Amino acid sequence: MYLIRPVIFPLLGTDANTYGYCSNYVLWTITIGGLPTVLNACLAHLVRAEGYSKEASFGVALGGILNIIFDPVLIFTLKLGVTGAAIATMLSNVIAMMYFIFLLHKNTERSVIKFSLRDYSLQQGIPKEILFVGFPSFVMIG
């Protein structure tokens, strides 16, 4: 998205006055913060599927509450404006994602989800299967 912004932004209605704001927002929320945003949502679903619905709700709420707290600090106190809002969103998603990773790691003994690189390979069509399963969620979330 960041690389094609000169083409896509005008199609979305960006003009010379708003291009810089949009560019900064996309940099922080999609380019830098895209992976934590997607992982935050996906890990919340995994935690919920493991039977930890209270913890999943807490993690989602944590991200939202942190964003509400970070926004005025970064926008007004640090005078970062729209860039501050984008950084607040990215930071809150990173922290919520780290909460979910910590929770899954802490419960690794009782979990059916295992994070071990030696269990994964590029053989046996695994990447293709991951894309087929994950693409609908990507489209829905993205």
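This report describes the fold, surface and cysteines of a predicted model.

The model is predicted, with local features needing pLDDT of at least 70 and side-chain atom pairs counting only at pLDDT 80 or more, while totals for chains, interfaces and linings use all residues. Residues are numbered from 1 along each chain as its sequence is written, and side-chain values use heavy atoms, with hydrogens and water left out.

The protein holds six helices and zero strands, the helices being DSSP runs of H or I with at least four residues and the strands runs of E with at least two, numbered from the N terminus. Its C-alpha trace spans about 50 × 35 × 25 Å along the principal axes. Among contacts (heavy atoms within 4.5 Å) with a separation of 6 or more, 60% join residues 24 or more positions apart.

Of the 142 residues, 28% count as buried, where buried means under 20% relative accessible area, exposed over 50%, and partly exposed in between, with a 1.4 Å probe and protein chains only. The accessible surface comes to about 9,700 Å², of which 71% belongs to carbon and sulfur atoms.

M1, in the segment before helix 1 (5–11), contributes to a nonpolar surface patch of about 780 Å² that also includes L3, I4, V7, L11, L12 and I30; such patches join nonpolar side chains within 5 Å, from residues with over 30% relative accessible area and no salt bridge.

The structure holds zero disulfides (pairs of cysteine sulfur atoms within 2.5 Å).

Methods. Patches are made of residues with over 30% relative accessible area and no salt bridge: like charges are joined within 9 Å, nonpolar side chains (Val, Leu, Ile, Met, Phe, Trp, Tyr) within 5 Å. Accessible areas come from the Shrake-Rupley method with a 1.4 Å probe; for residues, only the protein chains shown count as cover. A salt bridge is a side-chain nitrogen of Lys or Arg within 4 Å of a carboxyl oxygen of Asp or Glu.
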